[in-house]
Amino acid sequence: MGSMNPWNDPVVVYLRALLGCRWHRFRNETNRSAGASAIEWAIITAILAVIALTIGATIRNLIVNKANSIRTE
């Protein structure tokens, strides 16, 4: 069984798109007073992305380990 590219995982693709949108909004912010809010949202989004990736990787590892332990004789 070949190794899967984690960057093509649907969760990762979604989070990359979400972070890209947040980053674009942050970079194009015209009102400086709202800039702090954009930075806060970027940090919160990054933290949530790390949590989601950690949970996703843990679940994937549990499933792969269980699948590999099943005897197919």
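1. Basis. The model is predicted, so that local features need pLDDT of at least 70 and side-chain atom pairs count only at pLDDT 80 or more, while totals for chains, interfaces and linings use all residues. Residues are numbered from 1 along each chain as its sequence is written, and side-chain values use heavy atoms, with hydrogens and water left out.

2. Overall make-up. The secondary structure of the chain comes to 2 helices and 0 strands, where helices (H or I, at least four residues) and strands (E, at least two) are DSSP runs numbered from the N terminus. Of the 73 residues of the chain, 8% count as buried, a class that means under 20% relative accessible area, with exposed over 50% and partly exposed in between (1.4 Å probe, protein chains only). The accessible surface comes to about 6,300 Å², and 64% of this belongs to carbon and sulfur atoms; the areas come from the Shrake-Rupley method with a 1.4 Å probe, and for residues only the protein chains shown count as cover.

3. Residue pairs across the chain. Leu 18, in helix H1, is partly exposed with a relative accessible area of 28%, and its C-alpha atom is separated by 9.2 Å from that of Ala 49, 31 residues apart along the chain. Arg 27, in helix H1, counts as exposed at 59% relative accessibility, and the C-alpha atoms of Arg 27 and Ile 39, 12 residues apart along the chain, are separated by 9.8 Å.

4. Nonpolar patch. A nonpolar surface patch of about 950 Å² has among its members Ile 39, Trp 41, Ile 55 and Ile 63. Trp 41 lies in helix H2 and counts as partly exposed, at 44% relative accessibility. Patches are made of residues with over 30% relative accessible area and no salt bridge, nonpolar side chains (Val, Leu, Ile, Met, Phe, Trp, Tyr) being joined within 5 Å and like charges within 9 Å; a salt bridge is a side-chain nitrogen of Lys or Arg within 4 Å of a carboxyl oxygen of Asp or Glu.

5. Largest pocket. About 260 Å³ of space lies in the largest pocket, and of the 12 residues that line it, the closest to its centre are Asp 9, Val 12, Gly 56, Ala 57 and Arg 60. Helix H1 (10-27) and helix H2 (35-69) are the elements that give two or more residues to the lining, and H2 provides the largest share, 6 residues. A pocket is, on a 1 Å grid over the protein atoms alone, an open set of points where a 1.4 Å probe fits, with protein on both sides within 12 Å along at least five of seven lines, and lining residues have an atom within 4 Å of a point.

Technical notes. Points joined across faces, edges and corners; volume = space filled by probe spheres on them.
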